Amino acid sequence: MAHETATLAAYVFNLKYRDIPAEVLDRAKVLTLDFLGSAIRARSEAESTPSILKMLEALALDTRGESTVFGDSKTWTPAVAALLNGALGHSLDFDDTHADSSLHPSAPVVPAAFAVGEMVGASGRDVLTAIVAGYEICCRLGNALDPTSHYARGFHPTATAGTYGAAAAAGKLFGLSEKQIIAAFGVSGSQAAGSLQFLVNGAWNKRYQVGAAAMNGVIAATLARNDFVGATESVEGKHGLLAGYTDDAHPGKAVAELGKTYETMKIGVKPYPSCRYTHAAIDALIAMRREHNLTPDQVKRVEIGLHRNGITLTGDAATKRHPTSIVGGQFSMFFTGALALDQGSFGWDDYNRLGDTAIDALADKFDVVQDDRLEIGRTHPFGARVSITTDDGVHERLYADPSGEPNSFPDAQAMQQKFLTLARPVLNARAEKFADAILTLERFDRVAKATELGRQ
């Protein structure tokens, strides 16, 4: 380990808008728009939203401020706006994914950047620079933690590494010095938390702890802005992130090719509102259903092979075969696979089929197994092998990549359509104007002129 914390802090401090390649800035805008579509729809539809709002009201944390909660009609204080936008944007499980680190970069980073950007009167260019800084920090720390080992410890990387990414974005917008960014990372190390225990009962912890990561990053940076002394060597120290959160740390991955290779360009987007480990299988099932004209009654057995991380999150038959909650469905290879095979498609509104007898019956034909072919020589763990047995024989596909990865990133029209499908029911006619504003964010001298279009 070689001063990773200080190296990352120096990177955030020195990053300039003019130095970021145009393709990286364009990708950051598209990823931001994609995330905000989920946040806007979740404000009115996610089942956990009322509980979070009632908590804020009970604790007198629902006061007005200057920061936008997308899809909401009022403005909030910056820390609470970061919390809400982070939780909302992650509630549908429809937000982006960085394959190597197995985390969702936008969920903690974008809310922190907008909350502080509005707070300090930042420009669109400033906010875009902060978002790229946050993406780079959380993705690189996720790589260094090693997702397989991190998951085995029971941690959720979007919430742990994500806290650092949020602090980086907020710290950049505050104009913190290198020393202050190190302090913000030091505080982040005390706040980085996120447990996979939500998988047991389909709990709402996952979405809340990501919102908390966004909020905690804002708090960490604000403390540092006010000369709070945070721990040094928060990443590589004896009791730092890498020592406490993984058994297989790769500190070099945190700083490798820093400023030359952009992890932002390795972030993929989701065509389906479920855990990314289900997506390659869903792609295969939809394609095989169409190719072989399959109907559920023709299917005798389906075997899906996944990486061991996918088994951990989505493949435990005892708890995931017949989910009863949306979170349970989002993390069930059985439910999502049966749904895709039954109807040849899968969208947010399809969670109304939870408990559907036809889906449950088809899920009973599914087995989910670990496939060693997805463990070796792969650039990421999100592939799947699908084998469908019918009276006509066995049909098999191996999908190494789910759709939406960088090598199959959707075009601009597809990304905008996904956003509009989610946002129109909430924003109505303003959805198009808001999308245009985010996709031209660099033109705004004050980011608040753009974000106000995202309120209900």
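## Spaces and sheets in a predicted model

Helix 4 (78-91), helix 10 (205-225) and helix 16 (326-330) each supply at least two residues to the lining of the second largest cavity. Helices here are DSSP runs of H or I with at least four residues, strands are runs of E with at least two, and both are numbered from the N terminus. This is a predicted model, in which local features need pLDDT of at least 70, side-chain atom pairs count only at pLDDT 80 or more, and totals for chains, interfaces and linings use all residues. Residues are numbered from 1 along each chain as its sequence is written, and side-chain values use heavy atoms, with hydrogens and water left out.

A cavity is a set of points, on a 1 Å grid over the protein atoms alone, where a 1.4 Å probe fits but cannot get out; a pocket is an open set with protein on both sides within 12 Å along at least five of seven lines; lining residues have an atom within 4 Å of a point. Grid points join across faces, edges and corners, and a volume is the space filled by probe spheres set on the points. The count comes to two cavities of 30 Å³ or more.

The second largest cavity is lined by His-90, Ser-91, Asp-93, Lys-206, Arg-207, Val-327, Gln-330 and Phe-331. Where does this cavity lie? Domain 1 (4-270 + 410-454) and domain 2 (276-399) both give residues to its lining, so the second largest cavity lies between them. The domain bounds come from an automatic or database domain assignment.

The largest cavity has 16 lining residues, and His-104, Tyr-151, Lys-206, Cys-275 and Leu-313 are the closest to its centre. Domain 1 and domain 2 both contribute to this lining too, so the largest cavity lies between them.

**The open pocket**

The largest pocket has 24 lining residues. Asp-100, Asp-146, Pro-147, Lys-253 and Thr-379 lie nearest its centre. Helix 6 (124-145), helix 7 (147-152) and helix 14 (308-314) are the elements that give two or more residues to this lining. Domain 1 and domain 2 each provide at least three residues of the pocket lining.

Ala, Val, Leu, Ile, Met, Phe, Trp, Tyr, Cys and Pro count as nonpolar, Asp, Glu, Lys and Arg as charged, and the others, Gly among them, as polar.

| Space | Volume | Lining by class |
|---|---|---|
| Largest pocket | about 420 Å³ | six nonpolar, eight polar, ten charged residues |
| Largest cavity | about 110 Å³ | eight nonpolar, four polar, four charged residues |
| Second largest cavity | about 40 Å³ | two nonpolar, three polar, three charged residues |

**Strands**

Two strands pair if DSSP finds at least two bridges between them. Strand 1 (residues 64-68) and strand 2 (residues 75-76) run antiparallel, joined by three bridges. Arg-64 stands opposite Trp-76 in strand 2. The two strands form a hairpin with six residues between them. In the turn, Gly-71 has a positive phi of about 90°.

An open sheet has four strands in the order 6-5-7-8, with mixed pairing. Which strands form its edges? Strand 6 (366-370) and strand 8 (393-399) do, and each pairs on one side only. Strand 7 (residues 384-390) pairs with strand 8 in the antiparallel sense over seven bridges. Ser-387 stands opposite Glu-396 in strand 8.
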